[in-house]
Amino acid sequence: MSNTMYNKMWHQTQEALGALLDKEPQKMVEPQRNQVFIFQTLATFYIKYVQIFRNLENVYDQIVHPQKRILIRKVLDGVMGRVLELKNEMVELELTEFHYFDDILQDLKLAPQQLDIPIPKYFLKEKLEVIKGREKILAQILADSGIDTSEMKFPVKSMPFDQAVKLIQIAERARQGRLRALFMKQIYLQEYRAKQSKTLGKKVTDAWAAALCIQKVWRRFHQCKKTEKLREEEMIFLGMNPPPLFNEVSATVIQAEKVDRLRNEVQMKHEEDYREALVTIKNDLKLIEGLDIKENLQDQIRHWFIECRNLTGTFPDYPDIEEGGSAIIFSNKTIQQEEDEKWKMSPSLFLPAMKEGCNAYKEIWMNKDESWNFSQDFDPELIKEEKRKELESEIRVQVDELMRQELKNLKLAVDREREHPAKVGKKKKKKGKKGKKKEKKTKKDKDLTADRTIESLYKELVEEGLLIQALKVNLSDYIGEYSYLGTTLRQVSIEPMPSLLDVRQLITLYGIWPLGSAAVHEKAPLVKSLLLAGPSGVGKKMLVHAICTETGANLFNLSSSNIAGKYPGKNGLQMMLHAVFKVARQLQPSVVWIEDTEKTFYKKVPNAEKTNEPKRLKRHLPQILKLLKPDDRILIVGTTRRPFDAELQSFCRVYQKIILVPRPDYASRYVLWKQIIERNGGVLTSALNVSCLAKVTDGFTQGHIVKVVKAVLTDQRIRRQIHKPLTAVEFITAITSMDPVYKEEEESFKNWYAKTPLGKKRALAITGGSTEKAKDKGKRKEKKEKKAKKKK
């Protein structure tokens, strides 16, 4: 049943994608001057592609048919790339990294949560064994070199024998004292009760009055409990409180997880069977149909010889291997079709792949009868069609050799006088090709570590602390809420601070998607470097580790504090960078992290830091960025809490994308308090006013909230929750000792961002009224600044 459901979901998604691909070229070709209309068109396509991506990703993860999965994967990569292209278009149009779609979401009847961009599960699934193997090697190297992180966290201190004996004696005496005190308390209570019974025995009590008193107490207690229950049921009915057993894992979820595991096993088995079938079916075809294919090809080529002889009076020149051999003779029609398609296509690099995928779906899967294939195993007929083409191209190479010789013999017999010039022409061609090959050889870069293996370089970088172990943090752990007033504020010419989920989406688009998919990284708008700027405690470091966790990337730490004293001198620095980027390329995807990156671009180096040479990488980073190619899945990520200390021009030249990470707003703080309390063993009750906590802690970051929750929720306090529920006062008293992020600091970040290239363009667009003017003014200012520098 589940396969049928996901097949139906796939068919619906493919239909929606087909309709969208038909609409997009029409809308994009129409000339428009209205910027609002253009943005709404782009945003609508962006949202619809995101919805298609969510469905396709779910289908790809759940479907078990190996051939369907290959096609879905191709379309999935295309949709991913198109989303990135549309995002890039929106950034260039609005001159800001953050966009708000409140009005469009209302028109499409979608919730903001449906705009959240998922991370494909296959990023990790397909290379899980490789990642586990690397983690084992890394842990082993760390353990062998004596810098194991687990040992560093919990150091064991040795203690003298006499001191240990005294410590045990003190603990034992304390235990005996507690037992004695408890025993004396029991004796005292017994004596007290005996005295009370003697005094009460003297008084004559009315049994009826006593019974009435007990009834009153019981009825009051019973009514209180009943009222509390009714109130709780009412709150659940209104949706103000969660229903009972809301946070407990149901039997249905457990069963779903079990089914998911079984489905993964079936997927792996079917893919193995498919790979084996590719080999066996090809071998069978070679035995059964190989000779027929060879004879047919020879007949076709001989027929071509005769036709050319009849038309021109001479035998044709046989196409070279580099040109494609005899295949080029019969491929004129396909070339013309490709030219027609290119002429009709949109300038996107991903639309052709999506259209090709949609056409393949329509031709093969749309109306295919699969009643025979209940288990959703591979389709042998499709493999035969694919392998026939492969077999034909392989046999064609052999046939070309034979037919080339046959043509030569025919020419010798019939056209002896024309054979010599043809040989001269061929020799000339070969000389030209040799010259090209020589040119290519000279362009190769020097390898400083040609005599060393990647394993040895990997080990050296780990021992030097340049390749570090990433923390296991998922991007979903970066908790936050949507900005529901973004569009409204922009309509009143107020630039809203981005929400935490806006930041999370940008990390997915610029960091995780391109690193996770090689096909997307090669063709999508290339982002080589990323800067996360914001006050301390907002989760910049966590986002870096999340990128590595979600993509299985290696993490290299080139922070100024980490490379201080390592690989000294110019040659040493060159060797370090060469080793880092050589390993990063070989074991991609990779993230190169530069913590406190403003130190690399200091305006003036403080005296205390001069010995560490923090500006060592300043000149080299722009050169490294130039050398990074689209097929190098390497991302340079910088984090900074004091971007104002850096030289702005050189800083912005290195980092292509600058993301301002803000302190959490009220909505995000509300969600943060709830989730962090629950994750640390806290229980949310009506006694804990989370809304009050969120209001009072305005200005405090995620780091502050985590510290406070961990400080309050000790093991003892968690055990006492049943009798004494948590209150907001406990957390507020704990947070008073911490310094928040003041508005002045937030404003300084805003002012700094306004001086960045994109910030300048945005500010000019708002004041000037058009993006074109903003771009022109920005270019003029840059030219003026350059001229002024030259004069100085």
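Tutor: Helices (H or I, at least four residues) and strands (E, at least two) are DSSP runs, numbered from the N terminus. This is a predicted model, in which local features need pLDDT of at least 70, side-chain atom pairs count only at pLDDT 80 or more, and totals for chains, interfaces and linings use all residues. Residues are numbered from 1 along each chain as its sequence is written, and side-chain values use heavy atoms, with hydrogens and water left out.

Student: What does the secondary structure of the chain come to?
Tutor: The count rests on those DSSP runs. For the chain it comes to 31 helices and 6 strands.

Student: How many residues of α17 are buried?
Tutor: Buried means under 20% relative accessible area, with a 1.4 Å probe and protein chains only. Helix α17 covers residues 500–516. By that cut-off α17 is mostly covered, the buried number being 17 of its 17 residues.

Student: Where does α17 bend?
Tutor: A bend is the angle between axes fitted to the seven residues ending at a residue and the seven starting there. In α17 that angle is about 35°, and the residue is T508.

Student: Are α3 and α17 parallel or oblique to each other?
Tutor: Axes are lines fitted to C-alpha atoms, for helices over the stretch in contact, and angles run from 0 to 180 degrees between N-to-C directions. The axes of α3 (residues 66–94) and α17 come within 11 Å and cross at roughly 135°. Angles under 35 degrees count as roughly parallel, over 145 as roughly antiparallel, 65 to 115 as roughly perpendicular and the rest as oblique. The two helices, α3 and α17, are therefore oblique.

Notes: Expected span 1.5 Å × (residues − 1). Buried < 20%, exposed > 50% of the residue type's maximum accessible area, 1.4 Å probe, protein only.
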